[in-house]
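User: I would like to learn how to read a few features of a protein model, taking them in turn. Could we begin with aromatic rings?

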Amino acid sequence: CRPGDAAAVNAQPEIRELAAAVPSPPPVAPPGPIAQSVAIGFRSVYIAAALLLLVWLASNMREIASDSQAVVRRFGKIVRTQPAGLLIAWPRPIEQVQLLPGPERQLSQQVPALQAPTEQSATLIGPGGGSGTSLPADAEAYLTGDGNAVLLSATLIYRINDPVAYALEQPHVPAALDRLLHASAVQVAAGRNLNDFLVVPD
């Protein structure tokens, strides 16, 4: 046994005696009423924030009706479409959901006249077209193939088969449908004579 080892062995009982002589720290006092109130307040805030987070995450989960369809935009860009059924999307403002009528639903649009009747057209057509009845407000005169005038009033019926194209051009759809119907009416009227439009009552 070396002298250093013997000194270390003799020092161990002294270290134990010093450790036993050091008093242990007093027990921690329980928090006071103010500290407890603050802890309860923070806990309530955490719970409320967690509930709000869950509500926000589930805000874009919805059921799409059987006669509807949806277009999902992510930061303004269309990323997918959703037919009828359960839709799960990221909450706003990450994703926005635009509901549209389904392809089976028929939509109608009343097509107005291009311009108000002028004095010349009123003189040509007359107050009631010779029948004594008032003309519809949306009726418009078109020239037939034999040079006469015929009054046409129409309601456009259409369906949305391409939801992406409709969502991109939705602000311009009514005007485009009006132009399409007026162009078709001009073509139909010019390709027929006035007798083709006459209806003889029973």
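Analyst: This is a predicted model, in which local features need pLDDT of at least 70 and side-chain atom pairs count only at pLDDT 80 or more, while totals for chains, interfaces and linings use all residues. Residues are numbered from 1 along each chain as its sequence is written, and side-chain values use heavy atoms, with hydrogens and water left out. A pair of aromatic rings is described by the distance of the centres and the angle of the planes. Rings of Phe, Tyr and Trp (its six-membered ring) pair if their centres lie within 6.5 Å, and planes under 30 degrees apart count as stacked, over 60 as edge-to-face and the rest as tilted. By this rule there is one aromatic pair. It is formed by F42 and Y46, whose centres are 6.4 Å apart with 35° between the planes, and it is tilted.

User: Where do F42 and Y46 lie?

Analyst: Both belong to helix 2 (residues 33–57), four residues apart, about one turn of the helix; helices are DSSP runs of H or I with at least four residues, strands are runs of E with at least two, and both are numbered from the N terminus.

User: How should I read the strands that form an open sheet?

Analyst: Strands of a sheet pair through backbone hydrogen bonds, either parallel or antiparallel. Two strands count as paired if DSSP finds at least two bridges between them. Here three strands form an open sheet in the order 3-2-5, with antiparallel pairing, and the edge strands, strand 3 (77–82) and strand 5, each pair on one side only. Strand 2 (residues 68–74) is joined to strand 5 by seven bridges, and R74 stands opposite E95 in strand 5.

User: Which residues are linked in a network of salt bridges?

Analyst: A salt bridge is a side-chain nitrogen of Lys or Arg within 4 Å of a carboxyl oxygen of Asp or Glu, and by this rule the count is three. R74, R80 and E95 are linked in a network: the closest N and O atoms are 2.6 Å apart between E95 and R74, and 3.8 Å apart between E95 and R80.

User: Is E95 buried or exposed?

Analyst: Buried means under 20% relative accessible area, exposed over 50%, and partly exposed in between (1.4 Å probe, protein chains only). E95 counts as buried because its relative accessibility is 0%, whereas R74 is partly exposed at 36% and R80 is partly exposed at 28%.
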